[in-house]
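Me: Could you take a close look at one part of this model for me, the surroundings of the ligands and the helices beside them?

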Amino acid sequence: MTEDHKKDKDIDELSGVETTGHSWDGLQELNNPLPRWWVWVWIATIVWSVWYFVVYPAWPVPGGATEGTSGYTQFKELAESQQEIRDRQAAYLERFENASFEEIMNDEELYAFAMAGGKSAFKDNCATCHGTGAEGGMGYPNLNDDDWLWGGKLSDIYHTLRYGIRADNLDTRLSQMPAFGQDKLLDKQQINMVVDYVLSLSGHTDDAHHGGEYDPAEYLKAGAQIFQQQCASCHGPDAKGLHEFGAPNLTDAIWLFGGDRDTVFQTVYYSRAGMMPAWEGRLGDDTIRQLAVYIHELGGGAPDAAILPDEGLRNPAPLKSPEYEKTEDLDNDGEVLSVEPEVPLAEDAQNDMGVHE
Ligand code: HEC
Ligand code: HEC
């Protein structure tokens, strides 16, 4: 303050406080000092902000901001917290890697880890074909039920996933139902007979083909005979299916390709060959094992005896289908069929089903 100002200085008589010298119609402005605590807080914030500018990224500069001496960034913070999650996962993963299926099924934490991993891997890799709820569709099996083509034990499922079905892999699940009509193994009437028989196994007789011309009982008996000769080697003498050949149970009214008469006729005439890629090489072994647990637990898993993760490998599906007889002496009129196939049939199945590489 200058001398002049000091001279202007005035003291208010009532409060004894210095005035600023400003006066309006006799009202004087008092010059109370700022509370000391306030001044200190104010100074502290200034000091803190200067410190902050130096230590943290603060000043906008072209292309970003000053880095600050601490080198802090939010990206780094995010990466660190993600690393923390990964570390926690790694602890499980390490235990998971070394655990047998039996151990996984008996350890709450490993089981939960497998289920969570399997669920997300399923969404990413399997839902396109099997449906988000694994409910399947025509040609794509429902994975929720206990009706298995290739077996529902953990070791079976693991093998199926790892090596695929009719896939481009040496250990793949392989078998081929003959195209009985197309390859002239059976004539049309014989196919009709066996189709009637197959349909009757699941109580489906409404549109049986015998049509009055034949004695229905005789017709079915002939169908049963053909079945025992031509089909039982894969589907089993009781037609309940055989997992070694991926041959479905024909008595349960659960159909992979459809259970109406025309569809079953087409299946027998042209045969089918569903294929699933091998996941070995596309997914890590731990992911495949997580998926096997997840699929097993969807509802239809078969009980497994104590198994080691690799035991599935020692029971590969047979590479050759069982022999079937070619019946030369049948009179096949070679007539072109009116029923057109609607779903992938054996010969173009690989192209139609896409992912085969
Ligand atoms: C390109 C389509 C496709 C994709 C993708 C696919 N599958 Fe499949 N899957 C199939 C077909 C088709 C079959 C039936 C093959 C047959 O007819 O034997 C099958 C069969 C199976 C089976 C055997 C079922 C049984 O009854 O034995 C299992 C288990 C299975 N898939 C699980 C999976 C899992 C898990 C994934 C994801 C990692 C997956 N699939 C991805 C097409 C696919
Ligand atoms: C070499 C083994 C083999 C023989 C022999 C065989 N099948 Fe099959 N069959 C299969 C396989 C494997 C499948 C499943 C095909 C697939 O998943 O793509 C199948 C599927 C079927 C289906 C489809 C079932 C469904 O759920 O949609 C019917 C029906 C069928 N077979 C009937 C017969 C009849 C009838 C005969 C005898 C005339 C016969 N099969 C002979 C292996 C065989």
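Reply: Happy to! Around ligand 1 there are 27 residues, the closest being Cys126, Cys129, Trp150, Gly274 and Met276; a residue counts here if its C-beta atom, placed from the backbone, lies within 6 Å of the molecule. This is a predicted model, where local features need pLDDT of at least 70 and side-chain atom pairs count only at pLDDT 80 or more, while totals for chains, interfaces and linings use all residues. Residues are numbered from 1 along each chain as its sequence is written, and chains are lettered from A and ligands numbered from 1 in the order in which they are written.

The shell around ligand 1 has 19 nonpolar, eight polar and no charged residues (Ala, Val, Leu, Ile, Met, Phe, Trp, Tyr, Cys and Pro count as nonpolar, Asp, Glu, Lys and Arg as charged, and the others, Gly among them, as polar). At least two residues of that shell come from each of α5 (108-125), α6 (127-130), α7 and α11; helices are DSSP runs (H or I, at least four residues), numbered from the N terminus.

Now for α7 and α11 themselves. The axes of α7 (residues 154-163) and α11 (residues 285-296) come within 9 Å and cross at roughly 130 degrees, with axes fitted to C-alpha atoms over the stretch in contact and angles running from 0 to 180 degrees between N-to-C directions. In α7, Leu154, Ile157, Tyr158, Leu161 and Arg162 meet α11 residues including Ile288, Arg289 and Leu291 (C-beta atoms, placed from the backbone, within 7 Å). The residues of this contact divide into nine nonpolar, one polar and two charged.

Ligand 2 is surrounded by 30 residues, and α9 (216-235) gives the most to its shell, with five residues.

Note on methods:
Two residues are in contact if their C-beta atoms, placed from the backbone, lie within 7 Å.
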